[in-house]
Amino acid sequence: MAERPPAKASPDRPARRRARPARAGREGAAGYLFLSPWILGIVLLTLGPMLASLYLSFTDYNLFDQPEWVGLDNYAAMFADERWRGSVRVTLVYVLLSVPAKLALALAVAMLLARRRRGEGFYRSAFYAPSLLGASVSLALVWRALFMQDGAVDRTLSSVGIELGGWVGNPDYALLVLVVLAIWQFGAPMVIFLAGLKEVPQELYEAADVDGAGRWRKFWSVTVPMISPVIFFNLLLETVNAFQVFTASYVVSNATGGPADSTLFYTLYLYFQGFTDFRMGYASAMAWMLVAGVGLVTLLLFRLSRAWVYYAGEDGR
Amino acid sequence: MVGTRGRGRRVAAAAAVLALVAAGCGGGADDGTVELRYAWWGNADRAELTQQAIDLFEEQHPNISVTPTFQEWDAYWQRLNTDAAGGGLPDVMHMDYMYLREYADRGLLLDLNEQVGENLDVSGTLDAFADVGTVDGARYAVPIGGNTFTMVYIPEEFEAAGVEVPEDGWTWDDYDAAIEQVSESSGEIYGGHDYGTLIWVLELQLRQEGGELFTEDGGLGVDAARLAEFWSHMQPLRDSGAIVPTSEAVEVQPLATIGAGLSASEFNWDNQLARFTGETDRELALAPVPTSDPDNLGQYLKPSMMYAAFSRTEHPAEAAMLIDFMTNSPEVAQIFGGSRGIPANTAQREGAEYNEVDQAILDYEDAIFDQLTVPPPAPPAGAGSLEGEFIRLGETVGLGEATPEEAAQEFIAYAEQTLGS
């Protein structure tokens, strides 16, 4: 552009040329003005605090006294902190159990709902409803009541001879209560799967029929490869979300992460360190460790995705 | 098409709006009224009563306007700590004994001695409470009410089991035998609860043995061995079914085990009777705690809550007036009754109208009043977070996820890290 000789061609060109920079400048300003709420938001409410927490993560800071530089001490302390290691374990178990189960259920229900039938809209809404409730406090309270001693679940199991007692107060089962809660809220990935399934060309199924493929075969050789980008998207989203779970445990465990730290999620422990014990430096370091951890997992998922998302048709996976 | 001038005007208008918003954040009354911010912990019921008391105060002081805010206990301290870190506390706030020294040490509280004799009268404070608001000679807080430790129990269950109603001077062995018998005879309700989560019961036992929970130089007054013994003591009671299993107690939280109908007795502060009465239909009564030394209950009258003012308040005189009114006016006592602890001021203690529950608490306190000692000095800075850690470790032991020895080591380590930091 810059090397072109100035205006010779059509008569309107020079005018436009002169106008463009000024106009672009003005429009740019207007654009930034319209963007300003968002820019202010991200700078003041996200970027600023993030940088501050990065700095604080290298300090000993209790909210009251001036932050004191301690270098990498906070990061080193994590590995010596038994409760921190426990919270990492609890979070990983939660992610590994809840994400695959949730996606499998979401896909299964999406496949049932993908076929045209009467009341389609109703069923979709009904299955999506739990997700609308999200991480609400009242929902977690209901969940707690269901899984308590003499709650609905305990009574049902007792009636068929399985005496487990209350799940909420038992360190061996308490985490499962939260996993089941997460799986039950499969609506969001289900809707995305539904959209993905509608995109699979019918000809492929017809061709598979001609080749004599059974249902199972069609599922693995047609459906899964064709919607693999959608599966990947859901997997990524749900994994990242699962790492950040907070409210469910906060409410179900009555703001303790108990019993005996069995539902002490990473975020919950971070919150306790920051806002109960006022170890803001340590909490900040924990937050950045979580960012690094989730980043690493995301990277790993992306790397692995090369093997199954784009070339999936070949080996049937 | 919008002309440049039009756009310019809009930008100016937007800027003006922003400026107004900014000004609005600053706030400030310029009609001569003094605005006091007043923060306290509690629930909606207490909010209604508090508003009544504030209305009364504003009637008598037309030039002062009070803006109250409140949160539940946990949220209140998170908020107050965050505010303190930001350098701006409310002018007047409720203070707890466990946090008093920490706030005082950080220079956040106003020395109210400057106002005594002018805007604040503390002469009516109970003798036992003469020094509770004082740290290193400065008066940082004025007590609102007091409470003491007790065993809340269901008399019907104890009578049905043929257990004598506990009276003054019973021992911990008597207590163990009593709850075992109640459990056994009832078959439905547990006699007692797992008090291994209550740091206050440990404090009582230490005091009965002549010790203290906190040493004079602000350390922990218990070693790992004694703490492990405290937690080990619960195991046989757990095995024999005398106390509520931890897993069941955890599930009914935030209800207390006695409130949830799980246990026939529960240790707690006596002002909690009001809460338990709201949770259960059973008739409840108060009994003195067991003791290892008949001449020493180990109990003291503890300030249930106190008033404090911010050291950098712009209106120290008005803040003191509010505190003076709230702690001396018999009308205020009539509004609150015993719901904030039995009043710590003699005029209010006598002037209050008590409901049945408050009266029961007052009778209980009066019965053992002579044996109550002066409160120990304000706990060291950092003590506030020990209570939660004690609950967590007590539960962990109760669930069998840690041995008493392991938990004791962990608590001592935590206390060393937290106290005085």
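A salt bridge here is a side-chain nitrogen of Lys or Arg sitting within 4 Å of a carboxyl oxygen of Asp or Glu. By that rule, two salt bridges turn up across the interface of chain B and chain A. One of them pairs E389(B) with R83(A), with 3.8 Å between the closest N and O atoms. All of this comes from a predicted model, where local features need pLDDT of at least 70, side-chain atom pairs count only at pLDDT 80 or more, and totals for chains, interfaces and linings use all residues. Residues are numbered from 1 along each chain as its sequence is written, chains are lettered from A and ligands numbered from 1 in the order in which they are written, and side-chain values use heavy atoms, with hydrogens and water left out.

As for the rest of the interface, 30 residues of chain B are in contact (heavy atoms within 4.5 Å) with 27 residues of chain A. On the chain B side, Q78(B), R106(B) and E251(B) give up the most area to chain A, together 27% of what that side buries, counting accessible area (1.4 Å probe) lost on putting the two parts together, summed over both.

Turning to chain A, helix α7 (residues 174-184) is largely enclosed by the rest of the structure, because eight of its 11 residues are buried, that is, under 20% relative accessible area (1.4 Å probe, protein chains only). Helices are DSSP runs (H or I, at least four residues), numbered from the N terminus. Among the buried residues of α7(A) are L175(A), L178(A) and I183(A). The buried residues of α7(A) pack against α3 (82-114), α5 (137-146) and α11 (247-252) of chain A.

Terms used. Buried < 20%, exposed > 50% of the residue type's maximum accessible area, 1.4 Å probe, protein only. Helix = DSSP H or I, 4+ residues; strand = E, 2+ residues; numbered from the N terminus.
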